[in-house]
Amino acid sequence: MEIIRIPKVMQETSRKFLREVKTIGFVPTMGALHEGHLSLVRRAKQDNHVAVVSIFVNPIQFGPTEDFERYPRDIEGDIEKLRKEDVDTIFMPDVSSMYPEGFSTYVEVVDISERLCGAFRPGHFKGVTTVVTKLLNIVKPKILYLGQKDYQQSVVIKRLLKDLDMDVDIVVCPTIREKDGLAMSSRNMYLDNEQRNAARIIYRCLIEASEIIKAGIKDGVYIKNIMFKKLKEEPLVSTIDYAGVYDPDTLVEINEIKKEILLAIALRIGNTRLIDNILLEINT
Ligand code: AMP
């Protein structure tokens with residue numbers, strides 16, 4: 001397993017893979033790896049000759065009051081996990097090599113980036129689409145692997161690839177959960193025991209809403225109100241950014257439920273912001 005820190009060296013290595021007619025599967029991450037990340041890595045290995053994983057906590061996708069400085073970092077543990085998965089290459093650039101002095105180009109997907117999380121994290125997706133564009137230009141994958149856990153991110157990146165004619169396929173892998181349903185996330189490490197228990201409310205609320213919908217309720221606003229009521233019953237939930245029923249393509253809130261829908265939640269427990277979602281197909 002090769003560990004590369006310099007973008008130019010990664011580019012050279014990818015060029016060599018391509019000359020050898022090897023397909024590259026790419027998993028971008030911010031590290032502190034868990035089974036959710038590893039599920040993407042396994043899929044990338046399965047589908048391609050070569051799997052490249054990046055570990056980069058991207059400063060430009062964090063707001064000024066967000067957790068960039070204290071974001072969990074576990075480089076040694078991550079390297080060990082990726083070695084066990086038999087990953088070919090880890091790309092681990094430092095901030096100054098990704099954003100050297102004079103850096104002034106940003107890539108922005110408008111509209112869908114401003115919905116859901118974008119409304120509460122201004123500039124977040126601009127940071128994401130900029131770094132993903134850079135990473136794709138550096139790693140040159142055939143297939144990009146993302147998790148459904150960050151559903152909006154996958155929609156925004158699909159739009160980016162389509163609009164800029166980027167020759168990369170995308171695979172969105174299912175959300176990996178703890179036994180009690182909590183979606184795995186590097187940020188779960190911030191939670192103390194009590195908060196960790198409280199966090200179960202998120203998936204429970206998604207499941208409860210989906211059951212009500214499956215029972216025949218078609219009113220999106222009614223479902224949204226039920227979700228808010230349920231989430232507010234948990235005293236350790238400090239803020240609800242959003243909860244409700246959305247169109248999975250446009251991310252616009254849905255009033256009348258039909259066909260495919262996205263149920264999504266973003267909230268804070270203490271200072272920790274957690275997100276989760278499920279997709280639901282309705283037989284009308
Ligand atoms: P992150 O390190 O949080 O930026 O995540 C890197 C990639 O892993 C993203 O595509 C995430 O959607 C994905 N991911 C994070 N958590 C999970 C999970 N619990 N299940 C599946 N994929 C995940």
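Me: The expected span of a helix is 1.5 Å times one less than its number of residues. What should helix H9 span by that rule, and how far apart are its end C-alpha atoms?

Reply: In this predicted model, H9 runs over residues 200–214. Its 15 residues should span 21 Å, and the end C-alpha atoms are 21 Å apart, which agrees.

Me: Which residues of H9 are called buried?

Reply: Buried means under 20% relative accessible area. The residues of H9 that are buried are Ile 201, Ile 202, Cys 205, Leu 206, Ala 209, Ser 210 and Ile 213. Around the axis they take up an arc of only 165°, which puts them on the same side of H9.

Me: What should H10 span, and how far apart are its ends?

Reply: H10 has 13 residues, which at 1.5 Å a residue should span 18 Å. The end C-alpha atoms are 18 Å apart, so the two values agree.

Me: How do you know where the buried residues of H10 lie around its axis?

Reply: The buried residues of H10 are Gly 220, Ile 223, Met 227, Lys 230 and Leu 231. Seen down the axis, they fall within an arc of 95°, so they line one face of the helix. The face turned away from that buried side carries Lys 229 and Lys 232, which are exposed. Exposed means over 50% relative accessible area. Among the elements that cover the buried residues of H10 are H9, S7 and S8.

Me: Is Gln 195 buried or exposed?

Reply: Gln 195, a residue of helix H8, has a relative accessible area of 16%. The cut-off for buried is under 20%, so Gln 195 is buried. Apart from its neighbours within four places in sequence, Gln 195 is in contact with Tyr 190, Leu 236, Ile 269 and Gly 270.

Me: Why do S1 and S6 stand at the edges of their sheet?

Reply: The sheet is open and has six strands in the order S1-S4-S3-S2-S5-S6, with parallel pairing. Strand S1 (2–4) and strand S6 (169–173) each have a single partner strand, so one side of each is left without a neighbour in the sheet. From one strand to the next, the twist averages 25°.

Me: What makes strand S3 and strand S4 a pair?

Reply: Pairing needs at least two bridges between two strands. Three bridges join S3 (residues 50–55) to S4 (residues 89–91), and the two run parallel.

Me: Which helix lies across S2, S3, S4 and S5?

Reply: Helix H6 (residues 124–139) does, and H6 runs at about 145° to strand S2 (24–29).

Me: How do you know whether the radius of gyration of the chain fits a compact globule?

Reply: For 284 residues, a compact globule would have a value near 19 Å; the chain has 19 Å, which agrees. Along the principal axes, its C-alpha atoms fill a box of roughly 55 × 40 × 40 Å. The chain holds 10 helices and nine strands, and buried residues make up 53% of its 284 residues. Of the contacts between residues at least 6 apart in sequence, 73% join residues at least 24 apart.

Key. Residues numbered from 1 in each chain as written. Predicted model: local features only at pLDDT ≥ 70, side-chain atom pairs only at ≥ 80, totals over all residues. Heavy atoms only, no water. Helix = DSSP H or I, 4+ residues; strand = E, 2+ residues; numbered from the N terminus. Buried < 20%, exposed > 50% of the residue type's maximum accessible area, 1.4 Å probe, protein only. Arc of directions from axis to C-beta. Axes fitted to C-alpha atoms, helices over the stretch in contact; angles between N-to-C directions. Contact = heavy atoms within 4.5 Å. Rg over C-alpha atoms; globule rule 2.2 N^0.38 Å.
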